[in-house]
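Biologist: Thanks for sitting down with me! Could we go through one of the chain pairings together?

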Number of protein chains: 10
Amino acid sequence: MLVRLIYASRVGAQFGEGDLATVLRQSRQHNPANGITGLLCHADGVFIQVLEGGRDAVNALYNRVVSDPRHRDVTLLAYEEVAERRFAGWTMGQVNLQRLNPGLVLKYGASAKLDPYAMSGAAIASLFDELIASGAIVCS
Amino acid sequence: MLVRLIYASRVGAQFGEGDLATVLRQSRQHNPANGITGLLCHADGVFIQVLEGGRDAVNALYNRVVSDPRHRDVTLLAYEEVAERRFAGWTMGQVNLQRLNPGLVLKYGASAKLDPYAMSGAAIASLFDELIASGAIVCS
Amino acid sequence: MLVRLIYASRVGAQFGEGDLATVLRQSRQHNPANGITGLLCHADGVFIQVLEGGRDAVNALYNRVVSDPRHRDVTLLAYEEVAERRFAGWTMGQVNLQRLNPGLVLKYGASAKLDPYAMSGAAIASLFDELIASGAIVCS
Amino acid sequence: MLVRLIYASRVGAQFGEGDLATVLRQSRQHNPANGITGLLCHADGVFIQVLEGGRDAVNALYNRVVSDPRHRDVTLLAYEEVAERRFAGWTMGQVNLQRLNPGLVLKYGASAKLDPYAMSGAAIASLFDELIASGAIVCS
Amino acid sequence: MLVRLIYASRVGAQFGEGDLATVLRQSRQHNPANGITGLLCHADGVFIQVLEGGRDAVNALYNRVVSDPRHRDVTLLAYEEVAERRFAGWTMGQVNLQRLNPGLVLKYGASAKLDPYAMSGAAIASLFDELIASGAIVCS
Amino acid sequence: MLVRLIYASRVGAQFGEGDLATVLRQSRQHNPANGITGLLCHADGVFIQVLEGGRDAVNALYNRVVSDPRHRDVTLLAYEEVAERRFAGWTMGQVNLQRLNPGLVLKYGASAKLDPYAMSGAAIASLFDELIASGAIVCS
Amino acid sequence: MLVRLIYASRVGAQFGEGDLATVLRQSRQHNPANGITGLLCHADGVFIQVLEGGRDAVNALYNRVVSDPRHRDVTLLAYEEVAERRFAGWTMGQVNLQRLNPGLVLKYGASAKLDPYAMSGAAIASLFDELIASGAIVCS
Amino acid sequence: MLVRLIYASRVGAQFGEGDLATVLRQSRQHNPANGITGLLCHADGVFIQVLEGGRDAVNALYNRVVSDPRHRDVTLLAYEEVAERRFAGWTMGQVNLQRLNPGLVLKYGASAKLDPYAMSGAAIASLFDELIASGAIVCS
Amino acid sequence: MLVRLIYASRVGAQFGEGDLATVLRQSRQHNPANGITGLLCHADGVFIQVLEGGRDAVNALYNRVVSDPRHRDVTLLAYEEVAERRFAGWTMGQVNLQRLNPGLVLKYGASAKLDPYAMSGAAIASLFDELIASGAIVCS
Amino acid sequence: MLVRLIYASRVGAQFGEGDLATVLRQSRQHNPANGITGLLCHADGVFIQVLEGGRDAVNALYNRVVSDPRHRDVTLLAYEEVAERRFAGWTMGQVNLQRLNPGLVLKYGASAKLDPYAMSGAAIASLFDELIASGAIVCS
Ligand SMILES: Cc1cc2nc3c(=O)[nH]c(=O)nc-3n(C[C@H](O)[C@H](O)[C@H](O)COP(=O)(O)O)c2cc1C
Ligand SMILES: Cc1cc2nc3c(=O)[nH]c(=O)nc-3n(C[C@H](O)[C@H](O)[C@H](O)COP(=O)(O)O)c2cc1C
Ligand SMILES: Cc1cc2nc3c(=O)[nH]c(=O)nc-3n(C[C@H](O)[C@H](O)[C@H](O)COP(=O)(O)O)c2cc1C
Ligand SMILES: Cc1cc2nc3c(=O)[nH]c(=O)nc-3n(C[C@H](O)[C@H](O)[C@H](O)COP(=O)(O)O)c2cc1C
Ligand SMILES: Cc1cc2nc3c(=O)[nH]c(=O)nc-3n(C[C@H](O)[C@H](O)[C@H](O)COP(=O)(O)O)c2cc1C
Ligand SMILES: Cc1cc2nc3c(=O)[nH]c(=O)nc-3n(C[C@H](O)[C@H](O)[C@H](O)COP(=O)(O)O)c2cc1C
Ligand SMILES: Cc1cc2nc3c(=O)[nH]c(=O)nc-3n(C[C@H](O)[C@H](O)[C@H](O)COP(=O)(O)O)c2cc1C
Ligand SMILES: Cc1cc2nc3c(=O)[nH]c(=O)nc-3n(C[C@H](O)[C@H](O)[C@H](O)COP(=O)(O)O)c2cc1C
Ligand SMILES: Cc1cc2nc3c(=O)[nH]c(=O)nc-3n(C[C@H](O)[C@H](O)[C@H](O)COP(=O)(O)O)c2cc1C
Ligand SMILES: Cc1cc2nc3c(=O)[nH]c(=O)nc-3n(C[C@H](O)[C@H](O)[C@H](O)COP(=O)(O)O)c2cc1C
C-alpha cells in the first residue's frame, strides 16, 4: 500500500543553513533503502515536506521526524493512500522558495510570505504541483 | 482562507478621470501590505471590481469601500472561498471597457452598454475571464 | 436576463426574393436599438430564425413576428435563458441553405429537404452550430 | 412531439372577473379537441399560464393568445420538449394566488407581490410545482 | 434576482441585551417592506446573520449594517444567487445558541465556543441548517 | 480547520487492562480543553483510534501519542480535513471488539482477527461506521 | 445475450376480436419453448408489443411477425441488450388500453388517442412502465 | 425522428459475388429517394449492415430486407433514435473486411474470423467506428 | 486485500448427490481457517460458486478447485478486489435452484434452464443478489 | 464474450533462461489458434502475464497454466469482461523489466523490486499501460 504524506513544521531556534544540508544528506542516505521518495521545501522559517512510499516505511520515518529536535509544531497537511507516486524520481528533491516569484506563494495564500499553517492541505498540494510544473525542484 | 469578491457600484455625481487615478494609486499603495490583488473596471458610469485575498483583509477593505462617497449603490455580485487566486499578478489591474469591442459587452448583456445591475454574478465572472484571455488588462 | 429563441415558419403564398431583402433590412434597422442579435435561414419554403437578447426585447419582437402576414405556422423550436449569446456578432446573419451541401441537411433530418417541422429543437440547434463552424453565414 | 410552454402577461386595462370566467370557459371548450392541458394563474394583475400538448397545437394556440387584446406584454418564461405532461389531468386548471399564503410567493421572488417579469423561468416552474403539491389548483 | 448573504460580526464594547431587542425590533419593522427575510444568531460575543431577498434590497441593507456602530469586524461568510429562499417564513428569526447543546457547536468547529471567524462559510451554513431542523429558531 | 485522523498501533510488551483505563482517563481529562473528540478501540493486541478536532490540536496530540511508550508501530490509516465531526458526542468513546460478533471483523478483513496493518484506511473507516450504527460504543 | 424489443403495427383490414384471441393463443403456445416473454397491447387500431428473450429467439420471432399479414407497418420503437428482463412473469401479458383512463395516453402523447407512430421509443417505454405499475396487465 | 439500425445476416446458399453487386446497385437506386444512408459489410459468409434515416423509411426497408431470400438469420444488433446520422455521406458505403488487417477483427472478437452472432451490438459499433476512422470504406 | 471470485463449472460424469455433501463438508472444514466465505449453487448439471477472502487464500483455493476431477470447464465469471465481503456470514452457504421459481432464472437468462456459460458475470452477480434477498440460501 | 485476465506467479526452483524461451515458444504456437493475445513479463523471480481472448479460451488456458510446475503461487490480479482487447497485436509480447528504469517500478510499488503480491490489480494495470506507452515490449 503506497501513501503520500505532507506535513509542515517550524524550524528550531538554532537551525542554520548547514543543518539543512545535514537533513538532506541524511534523507538521501536513508530513503532509498526504505523506498521513500519526496520533496523538502524550506522557506520563511518553515518546512513543508512530501513523503511517498509504502505505508509502513512512511510512518516509521514520520514517527522519527516528529521527534526530531531540529523543528517543532510538526503538523500533517495531507495523507492519502495512492495508486502511484508523483515524485518517484526524487530521493528527496529540494525546493527553495526564496528563489521563486513571490506571486506563486500569493496565488495560494493570504500573503506573499509562505504560511502553511494558514493553508488547507489541498492548497499546499496545488502549490507543489505548480512547483514541479515550473521546474523549481533542485535535483537528486 | 482565500476569498474572491466582485461588486458593482455607480460613480458619484462629481467623479472625474482624476479621481479614477487617485483610486488606483490608493489601491496600489494599500493592497500589497494587505495581500489584496484584483481588477478595477470603469465604464459607462459604473465600477466593477474584483478583490482577492485573505477573508479578513478583503472584508476590511470592502467595509471601507462600501462607505466611500466617490461611488454609491455598492452591490455584491459574487463572493466565494477559493483554493487559489485568479489575479495574483495584479496589485489592482485596470480595465477600460471603452477601448473594447462593444460586441463583448453585448455577448453577456441585454444591450451594448455595460449594466452590471442587470447581470448575474456568473455572467460578470465570464465577462472578466474573457477580458483576461483577450489581454485587455492594463498592467500593474 | 438573456434568452435565445429559435422558431420556424412557412413562407406566405406571395413571398418572393425581394421580400427576403426587405425582412433583412427591417431586422438590421430595428435590432441594434433593441439589443437583438441572431440568424435568419431561408430555404425550401421555410424560415428558421434564431433571436438572442434581453427577455423583454426578444418577446416583444417575437410577438410582432408571430402576426407578420409574410409567413405562417410560426412554431417555437427552442427557447432558453442563457448566460451568454452565441451570435453576438450578427445583427441578423443570413444563411442560405440552397448554396450548401445537401448532406448537411440529411445529417440531421429524414430527407435532404430541410423540414424543421419534423425535427426536434436540439437537432435544429446542432445544424445551426455546424453552419457557424463551416462559415456558412453571410455577414452583417 | 410534446412541449410545455409557460408565459406571463399583464391583464388589459378593462379586464374584470367576468372576463376571467370567459377565458376559462373558452379554454375548456377548445383545449380537449386540440389535446391541450395546463394551468392558468391570475393574480396581482398578471397571468401566468402553462400550456402542454403536441408542438403544433401548443404553438397554434400561443399564436392566438399572443394577439388576444385582453392582455399585453405576453412573455415566454419557459419552453421545452418533454417526454411526458405534468398536468395531463387538467383541461385548464385554475390557480388563484390571492387565496394563498404570501410566504409562497416570497419564497421565489423579491417581494410578496407576484411579479413573473422579475423571475427566471426556473423559479416560476418551482413555484408551480409547489402549487400542485399543495393542492392549490381548482379542478377541471 | 434573489440572493442569500451570511455574515459574522463582533458585538461592540457597550452592547447589551436591550440592544439586541432594539436590533430585532428594527429588523422586523424594516424588513417586510423590503422583502427581506432571515435569521439573527447572537452568542459568545458574536453575531451571525442570514439575509435573504432581492439583490438590491439585501445589498442596501448590508451597506447600512456594515456601518452600524453596534458591532465591528463585519465579515461576509457566504453570498450566492439562489432560486428560492430558505427562510421565507421569518421576518428575522432569532437563534440563541446559549440555550443549545454545546455539542452542536463542537460538531462544526474546533472548540465548543462559537467562532465564525475560524469557520468556512459552508460549515456555518451546515450549522444553520441543523438549527432549523432542530427547531431552535424563535419565531417571527 | 477541522480534521479527522485514524491510526493503528500495537500494544507495548507490558501493557495490561489497568493501562487501558489510565489511557482513557487521561484522554477524557485532556481532550475537552483541546476540543478533541473520538473513539478508542482495543482488541487482539492492537489499538485503533479516531481523533477529531482543530488541526493544530489534533496534531499536537498525535505528536505526543507517537512517542508514548505504551504502544509501538504507530501508523496513520486516514487523515482528512472535514466539514463536520462524526463523533462530536464522545470525549473518547471506547470500543471493545472482543464483545462483538467476529463476523463484523471478517466482513472487512482477510481473517476474523482484527489486523489494521493489513487493511486500507477506507475499510477501517467503514468498520467504524458500522460500529457506531450498531451501538457498540461505550459512552463518555 | 438478452434483448428487449418493442414495436408497433397497424391492424390489418379484416382483423377482428377473434383474431386477437388467436394471436394470444399462438404466442402463449410458442413462447415458453423459445424463452420469450412480453406484453401485447391492442388499442385504437394499433398493436404495441414488447418481446424479451435471447437475441436469436427474439429475432427469429420478430422476422416471422414482420411478415404476418394480420397487421402492417410493423415499426421498431426500441431495441436493446439488457441485463435482465422486465416481464419475466408473462408468457404474453395482454393490455387493453380501451379499459384505461384516457389521461394516461394523453400524458405521453399529443392526443387521447394512442398513436405510437408519433411517439418516441422512450415515451412508449414510460407508458408501459406506468401500465405495469398500475396493474393494467391481464395475466398469463 | 432519425434512427440508426445495425443487423447481421448469413449469406444464402447460392449467394455469389455478382449478387453482392446487385444488392449494392439496388441499395444505391432505392436509398436516396427514401433518405436512407449506411454501410454494408460482407465477409466470412456474413453481412453486417448499418441503415440510417427516418424511422418509417428505415423500418419499411428493414421489413423488406428481413424477407429477402438472398440471406437468412437476419438479426438486429443495435437500434436507436439518434440526433444526427453518422454516415450521411454514403448512399450505401461498402466495406470489404477481407482486405483488412485481421488484427482489427481480433480486437473486438474472440477469433480473427468475423462472427457478429457472438458479439454485442456495442462491440460491432466500435468496430465500425474504427473502420470509418481508418478509411476502409469504399465510396458511394 | 479482500477479493470476491465467482466461477462456473460442469459436474463430472459420475457426480452424485453424495458427492455434493462431501464437497460442502470439505468446504466447511477448510474455509474458516483460511478466512474464506461464500456460496455454492448446484443446479441443472452446473456449479456456480462465490468465494470471498484474502487474495492469497482465495487463489490458493481456486488453484486446488481448478484441478478437482469432480467437475470440469471451470470458468471465471467475475473477480474483483472488494472493500468488504457480501457473504461474511456463510462458511459456504448452499443454494439449490431446483427448489426455486424458474421465473428467477428466466429473468437473467435466455431460457428457464440455468446456463452460466451463456451469461455475463454481471448477470450472474445480479441473480445471486436476488437469491440472497429472497432468502434462498440454506444456512451455514 | 471477450475477457482480460492478469495474474502473477513465482518462478519455480529450477527455472532458467532457456525455460523462458520455451514458454514463449509454446505460447506463440498455441495462442493464435485459440484467439489468445497478451503479454508476459519476467523479472525479479516473478511472472506477470496478461491474457486476452474469448472467455472459454482464456479460462481453458488459465486452468492449464495454474498447474504448470514451472511456476507456483499463481494468483489472479485482475479479470474483467471487456469490449475490446488492448493487446490485439501481440501473440504473446515479452517484457523484460530488468532493462527498464527502476523508477518505473518504484512509481507503483513500495520498493524498486517488482513485487506484484504487494500490489493491487489496478496498480499492475497502470504499470502495464505505462510499459506499452514507453515502447518496452519486445515484439511478436
Ligand atoms: C525537516 C526534516 C526532514 C527530514 N527528512 C528526512 C527524510 O526524508 N529521511 C530521513 O531518513 N530522515 C529525515 N530527517 C531526519 C530524521 O528526523 C532523523 O533525524 C533521521 O532519520 C535519523 O537518522 P539516524 O537514525 O541516522 O540518526 C528529517 C529531519 C528534518 C528536521
Ligand atoms: C471604486 C473604488 C475602488 C477602490 N479600491 C480600493 C482598493 O482596491 N484598495 C484600497 O485600499 N482602497 C480602495 N478604494 C479606496 C477606499 O474606498 C478607501 O478610500 C481607501 O482604502 C482609504 O484609504 P485611506 O485609509 O488611505 O484613506 C477604492 C475606492 C473606490 C471608490
Ligand atoms: C421571417 C421574418 C423575420 C423577421 N425578423 C425580424 C427581426 O429580426 N427584427 C425585426 O425588427 N423585424 C423582423 N421581422 C419583421 C417583423 O415581423 C415586423 O414586420 C417588423 O418588426 C415591423 O417593423 P415596423 O414596425 O417597422 O413595421 C421579421 C419578419 C419575418 C417574416
Ligand atoms: C390569459 C389567456 C389565456 C387563454 N388561454 C386559452 C386556452 O388555454 N385555450 C384557448 O383555446 N384559448 C385561450 N385563450 C383565448 C384565446 O386567446 C383566444 O381568444 C381563443 O382561443 C379564441 O377562441 P375563438 O376562436 O373561439 O374566438 C386565452 C386568452 C387569455 C387572455
Ligand atoms: C447585528 C445587526 C443586525 C441588523 N439587522 C437588521 C435587519 O435585518 N434589518 C434592518 O433593517 N436593520 C438591521 N440592523 C440595523 C441596521 O444596521 C440599521 O441600524 C437600521 O437598518 C437603520 O434603521 P433606521 O434607518 O431606522 O435607523 C441590524 C443591526 C445589527 C447590529
Ligand atoms: C493508545 C493511546 C491513546 C491515547 N489517547 C489520548 C487522547 O485521546 N488524549 C490524550 O490526551 N492522551 C492520550 N494518550 C496519552 C498520550 O499519549 C499522553 O500520554 C498524554 O497525552 C500525556 O498526558 P500528560 O501530559 O498528562 O502526561 C493516549 C495514549 C495511548 C497509548
Ligand atoms: C401482433 C402480433 C403479435 C404476435 N406475437 C407473437 C408471439 O409473441 N409469439 C408467437 O409465436 N407468435 C406471435 N404472433 C404470430 C406470428 O406472427 C406467427 O403467426 C406465428 O408465430 C406463426 O406460428 P405458426 O408457426 O404456428 O403458424 C404474433 C402475430 C401478431 C399479428
Ligand atoms: C444484405 C442486403 C442488403 C440490402 N440493402 C438494401 C438497401 O440498403 N436498400 C434497398 O433498397 N434494398 C436493399 N436490399 C434489397 C432488399 O432486400 C430488396 O430486395 C429490395 O429493396 C427490393 O427492391 P425491389 O422492390 O426493386 O425489388 C438488400 C438486400 C440484402 C440481401
Ligand atoms: C464445486 C466444488 C467446490 C469446492 N469448494 C471448496 C471450498 O469452498 N473449500 C474447500 O476447501 N474445498 C472446496 N472444494 C474441494 C477442493 O477442490 C479440494 O478437493 C479440497 O480443498 C481438497 O481438500 P483436501 O486437501 O482435504 O483434500 C470444492 C470442490 C468442488 C468440486
Ligand atoms: C508463465 C507461463 C506462461 C505461459 N503462457 C502460455 C500461453 O500464453 N499460452 C500457452 O499455450 N501456454 C502457456 N504456458 C504453458 C502452459 O502452462 C502449458 O504448459 C502449455 O499450454 C501446455 O502445452 P502443451 O499442451 O503443448 O504441453 C505458460 C506457462 C508458464 C509457466
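Biologist: What area is buried between chain D and chain G?

Modeller: A word on the basis: this is a predicted model, where local features need pLDDT of at least 70, side-chain atom pairs count only at pLDDT 80 or more, and totals for chains, interfaces and linings use all residues. Residues are numbered from 1 along each chain as its sequence is written, chains are lettered from A and ligands numbered from 1 in the order in which they are written, and side-chain values use heavy atoms, with hydrogens and water left out. Buried area is the accessible area (1.4 Å probe) that two parts lose on being put together, summed over both. Carbon and sulfur atoms give 55% of the area between chain D and chain G, which is about 650 Å².

Biologist: Which residues in chain D lose the most area to chain G?

Modeller: Three residues together make up 53% of what the chain D side buries. They are D:Glu84, D:Arg85 and D:Ala88.

Biologist: Which side chains of chain D and chain G meet in a salt bridge?

Modeller: The count between chain D and chain G is 1 salt bridge (a side-chain nitrogen of Lys or Arg within 4 Å of a carboxyl oxygen of Asp or Glu). At 3.6 Å, N to O, the partners are D:Glu84 and G:Lys107.
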